[in-house]
Structure formats: structure tokens, C-alpha cells
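Hi everyone, thanks for making time. Let me put the model up on the screen, and then we'll walk through a few of its contacts together.

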Amino acid sequence: VIPLAASTTAGSCPASIAYSAGTNQNPCTATATGPGGLSTPQTVAYTPSTLHDAGAYTATATFAGDGNHSGSTGSSGFTITKIPATATAGSGTMIYGGSVPALPCTVGGLLAPDAGAVSCTTSVPGTIAAGVNITTPVLVPSAPVDYAVSPSNGTLLVSYVQSNCFESPLQHSPPNTSSYVKRGSTVLVEC
């Protein structure tokens, strides 16, 4: 009995591919080779089996053997990498002591199948001071699996109300016998 020749099954994968929401992701190939000109493409199976989320994957192929060659198995690893996205905090203005206005936060860069999968809200400082206050985006979820999100801060401009102390004429009455103001004196008026 002539022994079977050995075969080698080798997988070929890129080091990494970008996340694409599960579309067109079959990046690896495999071929069984051996003496006598054996060169047969093999079906690749993946672990995890569904190529979707960013992370590490293994591609495995098995050649069952034929009348002249023994079977063999080969594998190769690769990663699906996160893709960039942005989260931009809202900006606005308000009067000091008033209510904080709506400050919508926006997320950009998501693929169409993932619309709404990552969202954000705008956070304002716990103590709001007059002048420029920095607003920040808060991600939901806080660490998206498939996106590398770059945050962009906004501003909340807080100003004082300029009150007019003299919207109506100043009222006065003649001095009484016990107190008077000398003509030309400076009188302090508080609003």
C-alpha cells in the first residue's frame, strides 16, 4: 500500500479590515497544496462565526484529503478595526440665573445600518458661571464596540441682564426738618 502524501492547508488573511456593519466581510482565503500539483481552494470558516463587530477573529480551513493526499487544517488570524466617528456637544447662550437651553448633541460618521446605535447628550458644568462655560458630549453607550469616537466640546455663553435703574423718573420730596441733603452732594442710588 502506497502511503498518502502529506498536504498543507494554509489560510491567507489581511492583518486587519475596517468595520463595515457586517457587509462584504469575507476577507480570507485558503488553499490545500501537496505533491503532484495539489492546489485546491478550501472553504473558510470564522470564529466567531459572524463577522460583524470590531475585534479579533480566526479563519480556519480543512482539507479532507483525497486518494493521494492526507487531510490537513490551517488557520490564520485577523482583526476588524473600529472606524472613526465624532460626538459634538451642543452650544448656546443664556442669561445668568436663567434656565439652561436645549443643547442637542450630535453624532457623525455612523454607517447607515447603525443609525441611532450610538448617541450622545450634552453635559454642562455643575456650577455655571458668567462668561464661557465648556459643554461636553456624553456617549451612549459610553464605549461603542465598532466606533472610535472623537469628542468635540461646545460652549455655553452666560451673560448678565443689564437693568435700567431709571426706567421711570426719580421721585423726591422736600426734606423734613430733621434731615436734608446739601445741594451738590453725591447721593448713592442702589438698584
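Now the housekeeping. What you see is a predicted model, where local features need pLDDT of at least 70 and side-chain atom pairs count only at pLDDT 80 or more, while totals for chains, interfaces and linings use all residues. Residues are numbered from 1 along each chain as its sequence is written, and side-chain values use heavy atoms, with hydrogens and water left out.

Okay, disulfides. As a reminder, a disulfide is a covalent bond between the sulfur atoms of two cysteines. Here we call it one when a pair of cysteine sulfur atoms is within 2.5 Å. How many disulfides does that rule give? The count is 2.

Start with C13 and C28, whose sulfur atoms sit 2.1 Å apart. This pair links distant parts of the chain: C13 is in the loop between β1 (8-12) and β2 (16-18), and C28 is in the loop between β2 and β3 (29-34), 15 residues apart. By the way, those strand labels are DSSP runs, numbered from the N terminus: strands are E with at least two residues, and helices are H or I with at least four. The link of C13 and C28 is right-handed, with 120 degrees about the S-S bond. And C28 counts as buried because its relative accessible area is 6%.

On to C105 and C120, with sulfur atoms 2.0 Å apart. Which hand does this one have? The torsion about the S-S bond of C105 and C120 is about -105 degrees, so the disulfide is left-handed. C105 lies in the loop between β9 (92-95) and β10 (106-108), and C120 is in strand β11 (residues 119-123), so the pair ties together parts that are 15 residues apart in sequence. Both C105 and C120 are buried.

C120 also takes us into a sheet: its bridge partner in β12 is L139. For us, two strands pair if DSSP finds at least two bridges between them. β11 and strand β12 (residues 131-140) pair in the antiparallel sense over 5 bridges. Zooming out, 4 strands form an open sheet in the order β9-β14-β12-β11, with mixed pairing. At the edges are β9 and β11, each pairing on one side only.

Last topic: aromatic rings. Rings of Phe, Tyr and Trp (its six-membered ring) pair if their centres lie within 6.5 Å; planes under 30 degrees apart are stacked, over 60 edge-to-face, and the rest tilted. That gives 4 aromatic pairs. One of them is Y19 with Y147: the centres are 5.7 Å apart and the planes at 75 degrees, so the pair is edge-to-face. Y19 is in the loop between β2 and β3, and Y147 is in strand β13 (residues 147-152), 128 residues apart. Y19 is buried, at 3% relative accessible area, and Y147 counts as buried at 4%.

Then there's Y96 with Y160, centres 5.1 Å apart and planes at 55 degrees, so that pair is tilted. Buried or exposed? Y160 counts as exposed, at 53% relative accessibility, while Y96 counts as partly exposed at 44%. Finally, ring pairs link Y46, Y57 and F78 into a cluster.

Key: Buried means under 20% relative accessible area, exposed over 50%, partly exposed in between (1.4 Å probe, protein chains only).
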